[in-house]
Amino acid sequence: MTDLYRLLPEEMEQMVIELGQPRYRADQILFSLYYKFPKTISEIKQLPGAFRDTLVDKGFTIGSTQETHRITSEDGETTKLLLSLEDKVPVESVLMQYPPKKLFGHPRSTICVSTQVGCAMGCVFCATGQMGFDRNMKAEEIVGQVIHFAKILSDKGQHVTNIVFMGMGEPLANYSETIRAVQLLTHPRGFGIGQRSITISTIGIISSIDKLAEENLQIGLAISLHSPNDKLRQWLVPTAGENSVRDLIDAGQRYFLKTGRRVTFEYALIQGINDSVEIAKELALLLKNNGSHVNLIPLNPTAGDFERPARKNVIEFERILYNSGVNCTVRVEKGTEISAACGQLRTDVLGKYNNKRE
Ligand code: SF4
């Protein structure tokens with residue numbers, strides 16, 4: 001079985017030609033996949049019936065993800081989907097909308113996609129990390145998450161404006177499928193979103209960051225730092241291994257020099273753990289004058305014992321960084337009440353899922 005969403009436009013062309021069809025059939029399929037969002041091959045009405053039958057006979061399918069649950073926040077700006085993959089494994093994806101800047105403009109609609117079922121990195125404050133790792137997701141499953149939301153938005157006359165690889169899993173630990181998904185999503189004959197509208201977030205796999213810098217892509221990179229020193233970071237991110245905080249900052253610098261894209265350092269602020277004035281000063285010393293940007297993320301409630309710092313501590317932390325010349329923002333909180341915010345993604349129906357898999 002091959003999901004048509006897996007094929008890059010060049011591969012789609014090769015496939016139709018091998019099946020004895022003219023090259024333009026590839027564009028008919030691509031147009032349908034990325035503008036009409038068919039659920040089955042029989043819904044690709046641009047194709048002759050006989051060719052649709054051939055595709056089915058040859059084992060092609062559409063959409064390996066099925067929506068099983070949808071929940072929207074009270075303000076209507078955050079929607080979380082629970083999707084079931086081909087092997088019935090559940091995974092979560094989130095849509096976050098921000099009001100338009102202009103009257104009658106479109107809202108900014110950012111999709112946060114998952115790249116793995118669970119995560120092996122085991123960050124102590126993250127719900128996904130506490131689930132453990134199940135499997136890597138395929139490129140078509142990553143793309144499928146965007147397609148589900150694109151259809152929901154298109155029904156309202158809206159569209160996807162940004163995609164962040166910040167859902168469940170470590171994207172760079174599933175490198176080749178993540179890159180294929182980026183290619184499918186940014187290809188002008190594929191989903192066609194601009195490369196600059198995509199950000200990959202990593203806990204910091206240095207060899208993969210260097211590899212990504214060589215891909216000739218203009219995507220944004222976010223590195224999750226969470227601590228200015230190695231001792232604390234190794235406790236928060238037990239799989240950090242040999243990589244030091246300095247190594248991560250240097251890798252970010254290399255990415256910036258190679259791609260020209262500014263790197264964001266993500267910093268989950270956790271009460272009593274990494275939110276003190278001393279730690280803020282240590283972080284400021286490390287990052288000042290190197291052009292990087294820090295995104296402070298006051299921790300969202302998860303199942304663990306970690307808590308979000310008081311608002312005044314967050315502001316103080318930001319002030320120290322800012323006054324030291326470090327470019328810094330505090331992430332706007334979205335979707336906390338539906339467990340759709342950063343670090344909260346964890347398939348709530350896990351019990352049900354485990355029963356199915358036994
Ligand atoms: S924070 Fe990211 S890398 Fe760490 S466990 Fe959670 S999903 Fe994995």
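**The ligand and the helix pairs**

Modeller: In this predicted model, 12 residues lie around the ligand, and those that come nearest are C119, M121, C123, C126 and G129.

Colleague: How many residues of the shell around the ligand are nonpolar, how many polar and how many charged?

Modeller: Each residue of the shell is assigned to one class by its type, with Cys and Met counted as nonpolar and Gly as polar. For the shell around the ligand, the division is six nonpolar, five polar and one charged.

Colleague: How are helix 7 and helix 9 oriented to each other?

Modeller: Helix 7 covers residues 206-213 and helix 9 covers residues 245-259; their axes come within 9 Å and cross at roughly 5°. Angles under 35 degrees count as roughly parallel. The two helices are therefore roughly parallel.

Colleague: Which residues meet in this pair, and how many of them are charged?

Modeller: From helix 7, the residues I206, I209, D210, L212 and A213 take part, and they meet D247, L248, A251, R254, Y255, K258 and T259 of helix 9. By class, this contact has seven nonpolar residues and one polar residue, and the number of charged residues is four.

Colleague: What is the orientation of helix 1 to helix 2?

Modeller: Helix 1 (residues 9-18) packs on helix 2 (residues 24-36) with the axes 8 Å apart and an angle of about 125°. This angle makes helix 1, relative to helix 2, oblique.

Colleague: What is the hand of the crossing of helix 1 and helix 2, and which residues make the contact?

Modeller: The crossing of these two helices is right-handed. Helix 1 contributes P9, M12, E13 and V16, while helix 2 contributes R25, A26, I29 and L30.

Colleague: How are helix 5 and helix 6 oriented to each other?

Modeller: The axes of helix 5 (residues 139-154) and helix 6 (residues 175-186) are 8 Å apart, at an angle of about 45°. Their crossing is right-handed. With that angle, the two helices are therefore oblique.

Conventions: Residues numbered from 1 in each chain as written. Predicted model: local features only at pLDDT ≥ 70, side-chain atom pairs only at ≥ 80, totals over all residues. Near = placed C-beta within 6 Å. Axes fitted to C-alpha atoms, helices over the stretch in contact; angles between N-to-C directions. Helix = DSSP H or I, 4+ residues; strand = E, 2+ residues; numbered from the N terminus. Parallel < 35°, antiparallel > 145°, perpendicular 65-115°, else oblique. Contact = placed C-beta atoms within 7 Å. Left-handed = near helix turned anticlockwise from the far one by under 90°.
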